[in-house]
Amino acid sequence: MLPSANKHHRLALALMVASSFISGCGDGKLASSREANGEIVSYSSTHRLTGLDPATSSSVDTSIAISRIYEGLLQYDYLARPYKVIPLLAESMPEVSEDGLVYTFKIRKGIYFQDDPCFPDGKGRELVARDFEYSLKRLADAKNKSPGFWTLDGRVKGISEFNKASQGKEPTDYDRPVSGLECPDSHTLRITLTEPYPQLLYILTMHYSFAVPHEAVDRYEVEGGEKITNHPVGTGPYKLVEWRRNSRIEFVRNPKWAETGRVETYPTEAAPEFADQGLLRDAGKQIPFNDRIIQYVIDDSSTSWMMFLSGQLGISEISTDNWDAVVTPSKSLNATFEKRGIKLISSPYTAAYYIGFNWDDAVVGAGNDPEQNERNKKLRQALSCAYEFEQINTYMNNRLYPLNGPIPSPLAGYLKDPTPYDFNLEKARRLLAEAGYPDGIDRETGRRLELTIDLGGADTSTRQQTELFANMFQKIGVVLKPNYNTWPAFTEKLNRRQVQLFRLAWVADYPDAENFLALFYGKNASPGPNHANYRNAEIDRLYEKIRVMSDSPERTALYEQMAHIIVEDAPWIFQYQPMSFAVIHSWVENYVSHDYPYGLAKFQGTDVALRKKWLESYGNKKLDMTGQE
């Protein structure tokens with residue numbers, strides 16, 4: 001999944017993900033007034049949200065916001081490791097046919113959509129199986145241009161035909177049958193696949209498959225209407241109260257749960273390490289724990305950091321500039337922060353950061369003939385050899401792992417050895433000359449080679465890292481020109497294939513390397529997740545083979561084979577995999593690091609008394625960026 005605005009460049013993506021749902025607090029006066037009314041309010045940060053429609057949104061922050069309001073059939077067990085999928089709106093795990101092609105889900109009864117004017121008398125109706133049938137069809141509706149259609153395309157029987165039928169100008173016919181989506185009764189959903197799809201259960205935890213009522217789309221998706229992306233209507237623990245674009249977004253506990261007697265509870269079992277940490281103290285208690293969530297849109301890491309230091313946020317990444325003042329050389333927390341009840345948390349994060357080449361581009365792409373294709377490949381390899389991981393790692397306080405190909409650790413298929421195109425300036429210059437650019441000069445035109453890289457933000461960290469990349473390329477005579485965009489403008493360019501080079505990250509959607517290899521499948525080209533628009537017939541053939549295979553040594557061997565081919569073609573410069581570090585206030589309860597945190601904020605809470613005590617002791621102190629008075 002794409003990270004949110006500006007997050008493509010940040011080390012601690014996981015930490016900022018956590019910050020977007022972890023409990024924090026506002027100024028003392030606001031917190032006190034809320035608590036006086038018996039209301040627990042969570043104050044936290046987020047980045048600019050692109051919209052709240054499950055079918056059309058794809059960034060991390062947006063997905064987290066969506067999962068407060070909407071729900072799906074399945075979810076991750078919050079405290080289980082390794083990661084485990086369990087029922088949410090399904091009564092139980094599905095019944096699966098022996099050939100692995102038919103999944104039958106029983107839908108829970110007594111689940112209701114929130115009250116909204118789109119329903120008769122404004123009263124939310126009961127969730128039924130057809131809501132999931134309808135929502136999955138919305139992914140396939142070509143008019144929605146869903147970035148999530150890749151999860152179903154060619155997988156669900158008849159879904160691709162529905163997609164083709166929706167490509168005309170006439171309104172999409174949602175009564176058109178899809179043979180792989182059937183509802184034998186009001187609370188049974190049957191999904192029939194074209195081939196085995198071992199990742200389907202993971203897919204059904206993602207926001208793309210969440211239940212959206214057709215009444216909301218009918219009411220708001222009209223010409224000049226408010227649009228469902230701005231007016232979400234779901235079954236989840238929260239409902240949207242207010243959304244000031246680029247400023248703040250507010251959610252309140254969904255009153256429909258209490259009205260209909262819906263009860264959800266905190267887990268009663270946990271992995272041993274979590275049980276030892278006391279994370280089962282709320283076992284069996286009713287969730288969600290926070291009554292209201294208020295998030296401020298903060299694109300600047302310095303602002304976010306100062307808000308954490310003053311107690312306005314419960315969790316924060318550690319900015320590069322302040323790393324040495326916060327973390328000791330042994331990677332423990334500075335005593336000043338420990339004294340204030342602040343804790344350091346860290347964990348590896350399953351994500352890949354990369355610089356992509358647009359395969360459609362005449363200079364860095366595939367080329368129009370075999371000879372040009374070979375030259376362009378050597379150029380991509382040369383630029384890969386010019387990229388110096390250690391320089392970026394030093395800038396990021398040595399908090400990175402090298403990425404030796406398209407699959408991050410610890411997923412099966414990860415390449416442990418460095419690639420043939422790791423940092424090597426001598427090799428870079430040789431490959432550059434073989435590509436037709438000796439010393440960076442185009443042999444045909446006599447001009448210096450200039451390349452343009454598009455970025456999804458313009459904050460200090462993005463600019464500084466881009467300057468480092470430009471300096472790396474300059475050492476072999478290539479000019480790199482940055483083009484800074486807002487996140488929405490950047491994603492629009494990617495979707496329209498209007499970039500030459502771009503910088504991005506992919507955050508694992510589920511714990512399987514197939515999710516990363518999907519980024520190189522030709523049919524997933526933009527607006528799908530293959531934003532490099534990479535095409536290789538052998539990769540496509542192998543991907544179509546592995547995507548129906550269950551976990552096995554044979555599948556792992558094919559993963560490794562694909563990774564080696566991709567490394568040789570160099571559609572990406574493989575930058576790094578992050579190690580996540582964050583600081584967290586002691587009043588934040590039930591926090592655990594999770595690679596797939598969507599919909600899991602409902603398990604986290606706030607120790608109100610401890611928060612008040614902290615504010616009284618430290619909330620009004622004037623601090624510098626290192627936390628010193």
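In the classification of residues applied here, Ala, Val, Leu, Ile, Met, Phe, Trp, Tyr, Cys and Pro count as nonpolar, Asp, Glu, Lys and Arg as charged, and the others, Gly among them, as polar. The structure is a predicted model, in which local features need pLDDT of at least 70 and side-chain atom pairs count only at pLDDT 80 or more, while totals for chains, interfaces and linings use all residues. Residues are numbered from 1 along each chain as its sequence is written, and side-chain values use heavy atoms, with hydrogens and water left out.

By class, the lining of the largest pocket comprises 16 nonpolar, 15 polar and 11 charged residues. Pockets and cavities were defined on a 1 Å grid over the protein atoms alone: a cavity is a set of points where a 1.4 Å probe fits but cannot get out, a pocket is an open set with protein on both sides within 12 Å along at least five of seven lines, and lining residues have an atom within 4 Å of a point. Grid points are joined across faces, edges and corners, and a volume is the space filled by probe spheres set on the points. The volume of the largest pocket is about 1200 Å³. Its lining is made up of 42 residues, of which Thr56, Lys143, Asn144, Lys145 and Ser146 lie nearest the centre of the pocket. The elements that give two or more residues to this lining are helices H4 (129–140), H7 (214–220) and H17 (487–495), where helices (H or I, at least four residues) and strands (E, at least two) are DSSP runs numbered from the N terminus. H17 gives the most to the lining of the largest pocket, with 5 residues.

The second largest pocket holds about 960 Å³ of space. It is lined by 43 residues, and Arg81, Tyr83, Phe274, Ser593 and Asp595 are those nearest its centre. At least two lining residues each are supplied by strand E14 (342–348), helix H20 (553–569), strand E20 (572–585) and strand E21 (588–589). E14 gives the most to the lining of the second largest pocket, with 5 residues. The lining of this pocket divides into 22 nonpolar, 12 polar and 9 charged residues.

The count of cavities of 30 Å³ or more comes to 3. The largest cavity has a volume of about 160 Å³ and is lined by 19 residues, of which Ser67, Tyr598, Gly599, Leu600 and Lys602 lie nearest its centre. Helix H3 (60–69) and strand E2 (74–76) each supply at least two residues of the lining of the largest cavity, and the largest share, 3 residues, comes from H3. The lining of the largest cavity contains 12 nonpolar, 4 polar and 3 charged residues. For the second largest cavity, the volume is about 50 Å³, and the lining consists of Tyr76, Thr205, Met206, Asp509, Tyr596 and Tyr598. By class, these residues are 4 nonpolar, 1 polar and 1 charged.

Helix packing was examined for H13 (residues 370–386) and H15 (residues 425–434), which pack at an angle of about 160 degrees with their axes 8 Å apart. That angle makes H13 roughly antiparallel to H15; angles under 35 degrees count as roughly parallel, over 145 as roughly antiparallel, 65 to 115 as roughly perpendicular and the rest as oblique. Axes are lines fitted to C-alpha atoms, for helices over the stretch in contact, and angles run from 0 to 180 degrees between N-to-C directions. The crossing of H13 and H15 is left-handed, a crossing being left-handed if the near helix is turned anticlockwise from the far one by less than a right angle, and right-handed if clockwise. In H13, Arg375, Lys378, Leu379, Gln381, Ala382, Cys385 and Ala386 meet Leu425, Lys427, Ala428, Leu431, Leu432 and Glu434 of H15, with contact meaning heavy atoms within 4.5 Å. The residues of this contact divide into 8 nonpolar, 1 polar and 4 charged.

Backbone geometry was also considered. Most residues other than glycine have a negative phi, and most peptide bonds are trans. The peptide bond from Ile287 to Pro288 is cis, with omega near 0 degrees, and Pro288 is placed in the loop between strands E11 (286–287) and E12 (292–297). The bond from Ser526 to Pro527 is likewise cis, with omega near 10 degrees; Pro527 lies in the loop between helices H18 (514–517) and H19 (537–546). Asn246, a residue other than glycine, has a positive phi near 60 degrees and lies in the loop between strands E8 (238–244) and E9 (248–253). Asn397 has a positive phi of about 60 degrees although it is not a glycine, and its place is in the loop between helix H14 (389–395) and strand E16 (400–402).
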